[in-house]
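User: I am new to this structure. Could you show me how to read its features, one at a time?

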Amino acid sequence: MSFEMTKGLFKYDFTDQHAILGIPLDAEFNDIRKRYMKIARRLHSDTCSFESQADKDWANQFLSKVVNPAYNKFSKESDRKEYSLLLTAIGKRVAKEQAKMQIESEAAKQLVTAQNWEEAYKTAVSKLALKQYESVKETQEAIDQISELNMVYLLRKERVGGGGVAPGSSATATTPPSKEKTAAATRDTAPPPPPPPKVEPPNVQTEAYCRRAQGFMDSKSYAKAILELKEAVKRDPKHSKSHALLAMCYVEQNQATMAKLEMNKALASNPEEPTALEVKKKLEQASAKAKKGDDKPGFFASLFGGKKK
């Protein structure tokens with residue numbers, strides 16, 4: 001069952017979690033949670049009101065494979081901060097490549113030239129969200145259109161933040177400064193304060209490998225996930241999340257030695273890496289059981305030097 005999405009921010013090898021949940025990019029976590037609960041009730045197999053069984057099956061799969069991972073991206077503060085940095089990087093890329101931008105939806109085209117664009121953006125997203133999960137077709141169309149709105153919103157925000165005039169707005173004439181102000185400015189020879197240190201966003205390609213690996217892990221295709229994650233650590237050997245996910249894959253494959261190795265690499269880069277801490281807990285639990293003589297063949301045996309099957 002395919003859930004391919006290729007419009008708006010999805011064109012930039014980026015999973016637009018906001019578009020999936022039907023929320024604006026500046027939504028607060030409480031609003032995100034309320035929206036997720038509403039969607040979950042709509043798509044869950046026990047409460048889904050779609051007519052055909054095929055549509056109900058699609059809804060259940062879409063909930064588990066697309067909506068739940070989207071919400072999980074916001075459930076932890078560290079993940080929200082990481083995702084925010086990714087959005088910043090995507091916004092800069094959108095602004096840099098705006099000459100090649102293709103907009104199909106009428107709502108996004110109107111946002112390009114809207115005067116009060118921030119309010120127009122939120123209104124357009126809210127309108128699409130109302131019917132986003134009424135049917136399979138409306139779900140996919142709404143996600144595409146919301147992601148295009150997000151793309152235009154990031155472009156306009158980036159241009160305003162960069163000191164340029166937002167597309168669709170007009171520069172207003174200003175009154176020339178008075179002679180007194182000009183003289184005061186001339187006398188003020190103090191050097192300007194240094195710019196704040198630049199915060200580099202995480203490697204977008206590395207994050208893309210991690211997202212694909214997480215998808216394979218969700219479907220228990222751990223061998224494929226490991227291949228993606230090995231490419232990720234080649235690009236960024238100190239990327240804690242990549243090492244942590246690798247550790248989790250090795251845990252699921254009963255390769256305790258490799259799991260411990262990757263876990264230590266993850267914690268060396270980030271002692272608070274949540275997935276690595278989860279792996280550590282699993283290994284400690286396995287160790288405790290093994291010491292009591294309750295170890296099972298396979299994982300526990302490999303942990304303490306037993307023969308692997």
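Analyst: A word on the source first. This is a predicted model, where local features need pLDDT of at least 70, side-chain atom pairs count only at pLDDT 80 or more, and totals for chains, interfaces and linings use all residues. Residues are numbered from 1 along each chain as its sequence is written, and side-chain values use heavy atoms, with hydrogens and water left out.

User: How many helices and strands are there in the chain?

Analyst: Helices (H or I, at least four residues) and strands (E, at least two) are DSSP runs, numbered from the N terminus. Here the chain has 14 helices and zero strands. Its pattern along the sequence reads α-α-α-α-α-α-α-α-α-α-α-α-α-α.

User: What share of the residues in the chain is buried?

Analyst: Buried means under 20% relative accessible area, exposed over 50%, and partly exposed in between (1.4 Å probe, protein chains only). Of the 309 residues in the chain, 39% are buried. Areas come from the Shrake-Rupley method with a 1.4 Å probe; for residues, only the protein chains shown count as cover. The accessible surface of the chain is about 18,300 Å². Carbon and sulfur atoms hold 51% of that surface.

User: What do the contacts say about distance along the sequence?

Analyst: Contact means heavy atoms within 4.5 Å. Take the contacts between residues at least 6 apart in sequence: 64% of them join residues at least 24 apart.

User: How do I look for empty space?

Analyst: Rolling a probe the size of a water molecule over the atoms shows where empty space is left. The search uses a 1 Å grid over the protein atoms alone. A cavity is a set of points where a 1.4 Å probe fits but cannot get out. A pocket is an open set with protein on both sides within 12 Å along at least five of seven lines. Lining residues have an atom within 4 Å of a point. Grid points are joined across faces, edges and corners, and a volume is the space filled by probe spheres set on the points.

User: What is the volume of the largest pocket, and which helix gives the most to its lining?

Analyst: The largest pocket has a volume of about 1,600 Å³. It is lined by 49 residues, and K73, C210, R211, Q214 and G215 are the closest to its centre. Helix α9 gives the most to this lining, with ten residues. Helices that supply at least two residues each include α3 (53-75), α4 (77-96) and α9 (204-218).

User: Which residues line the largest cavity?

Analyst: The whole structure has one cavity of 30 Å³ or more. The largest cavity has a volume of about 30 Å³. Its lining is F14, T15, Q17, K73, Y83, L86 and R211.

User: How many aromatic pairs are there?

Analyst: Rings of Phe, Tyr and Trp (its six-membered ring) pair if their centres lie within 6.5 Å; planes under 30 degrees apart count as stacked, over 60 as edge-to-face and the rest as tilted. That rule gives eight aromatic pairs. One of them joins F74 and Y83, edge-to-face, at 5.4 Å centre to centre and 80° between the planes. F74 counts as buried because its relative accessibility is 3%. Y83 is buried too, at 3%. Ring pairs link F14, F74 and Y83 into a cluster.

User: Where does a charge sit over a ring?

Analyst: The test is NZ of Lys or CZ of Arg within 6 Å of the ring centre and within 35 degrees of the ring normal. The charged end of R80 sits over the ring of F29, 4.8 Å from its centre. The charged end of R212 sits over the ring of Y209, also 4.8 Å from the centre.

User: Is N150 buried or exposed?

Analyst: N150 is in helix α7 (residues 136-161). Its relative accessible area is 0%, so N150 is buried. Beyond four places in sequence, N150 touches L9, D16, H18, A19, L25 and Y121. A19 lies in helix α1 and is buried at 0% as well.

User: Which phi value stands out at K220?

Analyst: Most residues other than glycine have a negative phi. K220 has a positive phi, near 65°. K220 lies in the loop between α9 and α10 and is exposed, at 63% relative accessibility. D13 also has a positive phi, near 55°. D13 is in the segment before α1 and is partly exposed, at 33%.
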